[in-house]
Structure formats: structure tokens, C-alpha cells
Amino acid sequence: MTWTTEIDPRQCMGSGMCAALAPDLFRLDGAHAEPVRAEIAEDGRALDAADSCPALAIVVRDGPRTVGPRP
């Protein structure tokens, strides 16, 4: 199964939490974070990063269904 990760650059404040939790999934690019690649294998660390983002800028999707951040 493949998930997609997105970071809204208008919301991202560049805290680096996502890159610290999963450096192979997220990186800082100047003042904002970005996914290392848009499509990933299912990975709980992506959900942890989405849950931990202080700006709620990360969205993880499984096809059309949003799986992160978790409620």
C-alpha cells in the first residue's frame, strides 16, 4: 500500500519536528519542511510527524482517505 504526504507551505512554520522524527521522510528546505518524496510505504512515523506538527501543515493520505493527522 502507498501513502502520499503533503506539507502546506503556507501553514508550515519550519519547526523541524517532522524532519527530527523521520529524516528519511521529511527535510527542511529553507524556512519550510517538505516531503523527501510524495509517495511512501505505510509508515507510522509519517503519522507521528503529522500528529506532532505544531502548525498542522502535514497531511498523510491513503488514496483519497486522509489518515493523518489522527483525530
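**Exercise 1.** In this predicted model, determine which residues of the largest nonpolar core touch the most other members.

*Solution.* Step 1. The largest nonpolar core holds 19 residues, and those touching the most other members are Ile7, Phe26, Ile58 and Val60.
Step 1. Two or more residues of this core are contributed by each of β1, α2 and β5.
Step 2. Helix α2 supplies the largest share, namely four residues.
Step 3. In soluble globular proteins, nonpolar side chains tend to be buried together.
Step 4. For valine 60, contacts beyond four places in sequence include Ala46, Leu47 and Ala50. Trp3, Thr4, Thr5, Arg65, Thr66, Val67 and Gly68 are also in contact with valine 60.

**Exercise 2.** Identify the salt-bridge partners of arginine 45 and arginine 70, and classify the accessibility of aspartate 62 and arginine 65.

*Solution.* Step 1. Eight salt bridges are found in the whole structure.
Step 1. Arginine 45 pairs with aspartate 24, with 2.8 Å between the closest N and O atoms. Arginine 45 belongs to helix α2 and aspartate 24 to the loop between α1 and β2, so the bridge ties together parts 21 residues apart in sequence. Arginine 45, at 29% relative accessibility, is partly exposed, as is aspartate 24 at 37%.
Step 2. Arginine 70 pairs with aspartate 48, with 2.7 Å between the closest N and O atoms. This pair links distant parts of the chain, 22 residues apart: the segment after β6 holds arginine 70, and helix α2 holds aspartate 48.
Step 3. Aspartate 62 and arginine 65 form a salt bridge at 3.4 Å, N to O. Aspartate 62 is buried at 16% relative accessible area, whereas arginine 65 is exposed at 52%.
Step 4. Salt bridges with shared partners join Asp24, Asp43 and Arg45 into one network.

**Exercise 3.** Is alanine 55 buried or exposed, and where does alanine 55 lie?

*Solution.* Step 1. Alanine 55 is located in the loop between α2 (44–52) and β5 (58–62).
Step 1. Its relative accessibility is 17%, so alanine 55 counts as buried, the cut-off being under 20%.
Step 2. Beyond four places in sequence, alanine 55 is in contact with Gln11, Cys12 and Met13.

Methods. Residues numbered from 1 in each chain as written. Predicted model: local features only at pLDDT ≥ 70, side-chain atom pairs only at ≥ 80, totals over all residues. Heavy atoms only, no water. Buried < 20%, exposed > 50% of the residue type's maximum accessible area, 1.4 Å probe, protein only. Contact = heavy atoms within 4.5 Å. Core = buried A, V, L, I, M, F, W, Y, C linked by side-chain atoms within 4.5 Å. Salt bridge = Lys/Arg side-chain N within 4 Å of Asp/Glu carboxyl O.
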